[in-house]
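Here are some notes on the structure below. Please read them beside the sequence and the model.

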Amino acid sequence: MCCLALILILLHSCSQCEASRGVDLEDLASNNTWVIAYSSSCSTTCGLGIRTQRLCPLGTDDKANSPTCRVRQVQCLDNWQCGLQTQTATAGQYLELDCLEEVMEAMGRFAFVVSWRFARGIITTNNRFFIRRDVPGLDRVILNPVKEEDAGTYRCDVLDTSYHRVKRMYKGLKVLSARVLSLNFTKGLTEWEKPGEINEPVVTGKPYPSSTVRNVVLLSLSISITVALIVFLGLFAFSYWKRSTRKDPISHEC
């Protein structure tokens, strides 16, 4: 009996398979079946993004130009880890650290749950150094003004309405004192290369008066003449002494 029941079940399943094979594309088209004719890449490389898709009825010949096709946008998530981003700020300026950014804000900032953690004084992705940080704005940290003790790494985690993590991002912040020399080389190079200011000497203070310049020139000239006379007299004395020493042996021989 068991074998007979098993054979009946197999025959019934095979009949259902044959019936499903008999369904052709025309039957699907009559049931308003839509297919994805085109799908773009995700708008972001990390975190929740938007993908554009073109839907066309099944059996449409020219799907790209068919008026029956429609376009829709759907959410996409390729990778929820965004890694570490670093930036440098000067103490006293205004700074915002945005977690949702443009794409997720377009979806609605209140559709997400954002939490922040902070590792003071170090740039790291090691989670054991982070402590919870209360942020009134939820989606962004506002530092106004930036202080030197604000330096460190800020970590934000984003959850959707189903409490699934859709983004984690680290923002490393380096804070320079306002008394420190600016390290913006590009800006300094632009200032140096302004038209009309290239290779022009910068004169600061008042020039020396003409009398001072004349006295310096006369003093230099007198010193030069004195040194030249001393050198000349030294050479003359040396040559005289040398000639006298040559004559002495001759006088002794006589």
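This is a predicted model: local features need pLDDT of at least 70, side-chain atom pairs count only at pLDDT 80 or more; totals for chains, interfaces and linings use all residues.

1. Does Phe110 count as buried or exposed? Phe110 counts as exposed, at 80% relative accessibility; exposed means over 50% relative accessible area, buried under 20%, and partly exposed in between (1.4 Å probe, protein chains only). Phe110 sits in the loop between helix H3 (101-107) and E6.

2. Residues are numbered from 1 along each chain as its sequence is written, and side-chain values use heavy atoms, with hydrogens and water left out.

3. Thr124 belongs to the loop between strand E6 (113-120) and strand E7 (131-133). Helices (H or I, at least four residues) and strands (E, at least two) are DSSP runs, numbered from the N terminus. Thr124 is buried, with a relative accessible area of 13%. Not counting residues up to four places away in sequence, Thr124 touches Ala119, Phe129, Phe130, Thr153 and Tyr170 (contact means heavy atoms within 4.5 Å). The Thr124 side chain also reaches the backbone nitrogen of Asn126 at 2.9 Å.

4. Leu235 lies in helix H5 (residues 210-253) and is exposed, with a relative accessible area of 56%. Together with Leu219, Ile223, Val227 and Val231, Leu235 makes a nonpolar surface patch of about 470 Å². Such patches take residues with over 30% relative accessible area and no salt bridge, nonpolar side chains (Val, Leu, Ile, Met, Phe, Trp, Tyr) being joined within 5 Å and like charges within 9 Å. A salt bridge is a side-chain nitrogen of Lys or Arg within 4 Å of a carboxyl oxygen of Asp or Glu.

Technical notes: Accessible areas come from the Shrake-Rupley method with a 1.4 Å probe; for residues, only the protein chains shown count as cover. A polar contact is a pair of N or O atoms within 3.5 Å; within protein, one must be able to donate a hydrogen and the other to accept it, and residues adjacent in sequence count only if both atoms are side-chain atoms.
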